[in-house]
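Reader: I am new to looking at protein structures. Could you walk me through this one, a feature at a time?

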Amino acid sequence: MSVLSVKDLGFRYTKDGEELFGGLSYEFTPGKVTALTGPSGRGKSTLLYVLGLMLTPSRGEVILHDQPQSMAADAIRSKVRAHQLGFVFQDSSLDPSRTIIDSVIEPTIYAGVDRQVALDRAALLLEQLGVAARSDHKPGQISGGQAQRVAVARALINDPSVILADEPTGNLDPANAASVLDIFCEAAAAKQRTIVIATHDPYVISRADEVLEL
Ligand SMILES: Nc1ncnc2c1ncn2[C@@H]1O[C@H](COP(=O)(O)OP(=O)(O)OP(=O)(O)O)[C@@H](O)[C@H]1O
């Protein structure tokens, strides 16, 4: 069964603006990490937003678990986002006022998960990602590499079938970039998740199972 695919996809920011993706059709492979590459401005970040149902395509469809989603009502898209999609962005952009553990469990609120269940899940994930000791710290008190691992925990907390990541290694040194890639590869293989990483980083491209060039 297909987890994530796009059909005849195009997107314009404005009515008369340039069309991005030019009618892209592609099926992402479950259990694999796909690197989304291409020159700056080609629409890598925009495609992640369209795949993440945050932007509506001007033509074509995003299909998740065999269901066309792009034209679905806002409430349905929000529900699908909360339950099936996880996001990791460059700089991890964690809320500076929340503790690490509170940042990790925040997406569970939208998915209606019991707080104690969420806390237990978050503790396990932070343990697996090697940042459990930082649970009660604020983002300003941890390193960039640790923050990125926390962002990955946040993306995994609702056990999504798809993870969308935008330049997740952009600010990381080689050792931290390698550890984030290890986590993504394991997350893909362990549960047949579909992982899409928009990147310019040759290291990420070398670790990806598949490459989609825009
Ligand atoms: N909010 C917006 N409104 C209008 N145009 C936008 C907006 N965001 C991006 N664009 C334009 O859409 C195009 C694609 O941008 P996008 O950021 O998706 O490209 P990218 O491939 O991710 O680039 P980069 O590798 O530099 O991050 C660019 O021409 C950009 O200027």
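**Helices and sheet, step by step**

Author: Gladly! Let us begin with a pair of helices: α3 passes α4 in a right-handed crossing. Keep in mind that this is a predicted model.

Reader: How are two packed helices described?

Author: The general idea is to give the angle between their axes and the distance between the axes. Here, helix α3 (residues 100-110) packs with helix α4 (residues 115-128) at an angle of about 125 degrees, and their axes are 9 Å apart. Because of that angle, α3 is oblique to α4.

Reader: Which residues in α3 and α4 meet?

Author: From α3 come I101, V104, I105 and T108, and in α4 they meet A118, L119, A122, L125 and L126. Sorted by class, this contact of α3 with α4 has eight nonpolar residues, one polar residue and no charged ones.

Reader: Now the sheet, please. How do strands of a sheet pair?

Author: Strands pair through backbone hydrogen bonds, and the pairing is either parallel or antiparallel. In this model, four strands form an open sheet with antiparallel pairing, and their order is β2-β1-β4-β5.

Reader: Which strands stand at the edges?

Author: Those are β2 (20-28) and β5 (67-68). Each has a single partner strand, so one side of each is left without a neighbour in the sheet.

Reader: Over how many bridges do β1 and β4 pair?

Author: Strand β1 (residues 4-11) pairs with strand β4 (residues 59-64) over five bridges, in the antiparallel sense. To find your place along this pair, look for K7, which stands opposite E61 in β4.

Reader: One last thing: what confidence scores does the model have?

Author: The model scores ipTM 0.97 and pTM 0.92. For the protein chain, the mean pLDDT is 91, and 99% of its residues reach 70 or more.

Conventions: Residues are numbered from 1 along each chain as its sequence is written. This is a predicted model: local features need pLDDT of at least 70, side-chain atom pairs count only at pLDDT 80 or more; totals for chains, interfaces and linings use all residues. pLDDT is the predictor's confidence in each residue, from 0 to 100. Two strands pair if DSSP finds at least two bridges between them. Helices (H or I, at least four residues) and strands (E, at least two) are DSSP runs, numbered from the N terminus. Axes are lines fitted to C-alpha atoms, for helices over the stretch in contact, and angles run from 0 to 180 degrees between N-to-C directions. Angles under 35 degrees count as roughly parallel, over 145 as roughly antiparallel, 65 to 115 as roughly perpendicular and the rest as oblique. A crossing is left-handed if the near helix is turned anticlockwise from the far one by less than a right angle, and right-handed if clockwise. Two residues are in contact if their C-beta atoms, placed from the backbone, lie within 7 Å. Ala, Val, Leu, Ile, Met, Phe, Trp, Tyr, Cys and Pro count as nonpolar, Asp, Glu, Lys and Arg as charged, and the others, Gly among them, as polar.
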